[in-house]
Amino acid sequence: MNKLVLRDRLLDFFFPQVTCMLCGSAEQVQGGFCAECIGKMEPYRSRRIPKDAPYTGAISCFVYEDKVREALRMMKFRGQFDLPVRFFAGKMAEEVRKAHWKCDCVVPVPAEPRYERKRGYNQSEKLASRVAALLDLPMEKKALRKKRGTRSQVGLSMKQRMENMEGAILPGKSDVSGKTVLLVDDLMTTGATVHACAQALMKMGAKAVYVVTAAHAILEPDYKEKIKD
Ligand SMILES: [Zn+2]
């Protein structure tokens, strides 16, 4: 049995989460959330990628709204991240399996060193290591790194985000040449971050890059119309 799976079983046995972390209900709670809250999480259905994308495919599991937003936020707090990470990583691994992507390794989107130090961990790395364990793939934790002093993406336009991210993602210590990489992040907003990461991985000689994120922010008002076709 995988070490992480064993650890989860022991934790669930000795310290079961009996109430929903999102609403406090004790009804039908599994893995930290109740069936009602999980039912309110809307799957993200679009699998389209931009024409100039340096990655071959992208999957986001949920629409970044309500319960999903709250659950993702919990991953940023020590002492709360474990169950949400397990929940989202489980979904991400499931979707990657369904898509039949053949990847060789998993790489997390890097965090800025100062944020990671402050928090003590990078939530994308937590997600990535669990996705890697579930898919039985090696994790290349240090394949990418983020330059110090990168401006926050909040409040920037798509063009500004692209410019801001350009040169902010640097090659790290792992060798990804010839490999098909599964890039993992918690949230996709405009896609500027994964674009920069995938570009860096391709420059490092990766064969192909696939992207999986827990959630996707809805920026286009016509998203719900578009997914119908
Ligand atoms: Zn609930």
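User: Where is Gln 28 found?
Analyst: Gln 28 is in the loop between helix 1 and strand 1 (29–30). Keep in mind that this is a predicted model.

User: What is the phi of Gln 28?
Analyst: The phi of Gln 28 is positive, about 45°, although the residue is not a glycine. Most residues other than glycine have a negative phi.

User: How many C-beta neighbours does Gln 28 have inside 10 Å?
Analyst: Gln 28 has 13 C-beta neighbours inside 10 Å, so it counts as partly exposed.

User: Which other non-glycine has a positive phi?
Analyst: Asp 136 is one, with a phi of about 60°. Asp 136 is placed in the loop between helix 6 (123–135) and strand 5 (144–146). It counts as exposed because it has 8 C-beta neighbours inside 10 Å. His 100, which follows helix 4, also has a positive phi, near 55°.

User: Is Cys 23 buried, exposed or partly exposed?
Analyst: Partly exposed, because Cys 23 has 15 C-beta neighbours inside 10 Å.

User: How is the protein divided into domains?
Analyst: Domain 1 covers 1–40 and domain 2 covers 41–223. The contact takes 12 residues from domain 1 and 12 residues from domain 2. On the domain 1 side, helix 1 (3–14) and helix 2 (35–39) each supply at least two residues that touch domain 2.

User: What separates the domain centres?
Analyst: Taken over C-alpha atoms, 24 Å separate the centres of domain 1 and domain 2.

User: Changing topic: which residues touch the most other members in the largest nonpolar core?
Analyst: Of the 62 residues in that core, they are Met 92, Val 131, Leu 183, Cys 197, Leu 201 and Ala 215. The core draws at least three residues from each of domain 1 (1–40) and domain 2 (41–223). In soluble globular proteins, nonpolar side chains tend to be buried together.

User: What is Met 92 in contact with?
Analyst: Leaving aside neighbours within four places in sequence, Met 92 is in contact with Cys 61, Leu 127, Val 131, Val 212 and Ala 214. Met 92 is also listed among the buried residues of helix 4, which include Phe 87, Phe 88 and Val 96.

User: How far does helix 4 reach?
Analyst: Helix 4 (residues 82–99) has 18 residues and reaches 26 Å from its first C-alpha to its last, close to the 26 Å expected.

User: On to the strands. How many residues of strand 7 are buried?
Analyst: 8 of the 9 residues of strand 7 (residues 180–188) are buried, so it is largely enclosed by the rest of the structure.

User: Which strands does strand 7 pair with?
Analyst: Strand 7 pairs in the parallel sense with strand 4 (residues 105–108) over 4 bridges, and with strand 8 (residues 208–216), also in the parallel sense, over 8 bridges. Cys 105 stands opposite Val 181 in strand 7, while Val 184 has Val 212 in strand 8 as its bridge partner.

User: What about strand 3 and strand 8, how many bridges?
Analyst: They pair in the parallel sense over 6 bridges. Gly 57 has Tyr 210 in strand 8 as its bridge partner. Strand 3 is mostly covered, with 6 of its 7 residues buried.

User: Last one: what does Val 63 touch?
Analyst: Val 63 is in strand 3 (residues 57–63). Not counting residues up to four places away in sequence, Val 63 touches Glu 42, Tyr 44, Val 68, Ala 215, His 216 and Ile 218. Val 63 counts as buried because it has 20 C-beta neighbours inside 10 Å.

Technical notes: Residues numbered from 1 in each chain as written. Predicted model: local features only at pLDDT ≥ 70, side-chain atom pairs only at ≥ 80, totals over all residues. Expected span 1.5 Å × (residues − 1). Buried ≥ 20, exposed ≤ 12 C-beta atoms within 10 Å, placed from the backbone. Pairing = 2+ DSSP bridges. Core = buried A, V, L, I, M, F, W, Y, C linked by C-beta atoms within 7 Å. Domains from an automatic or database assignment. Contact = placed C-beta atoms within 7 Å.
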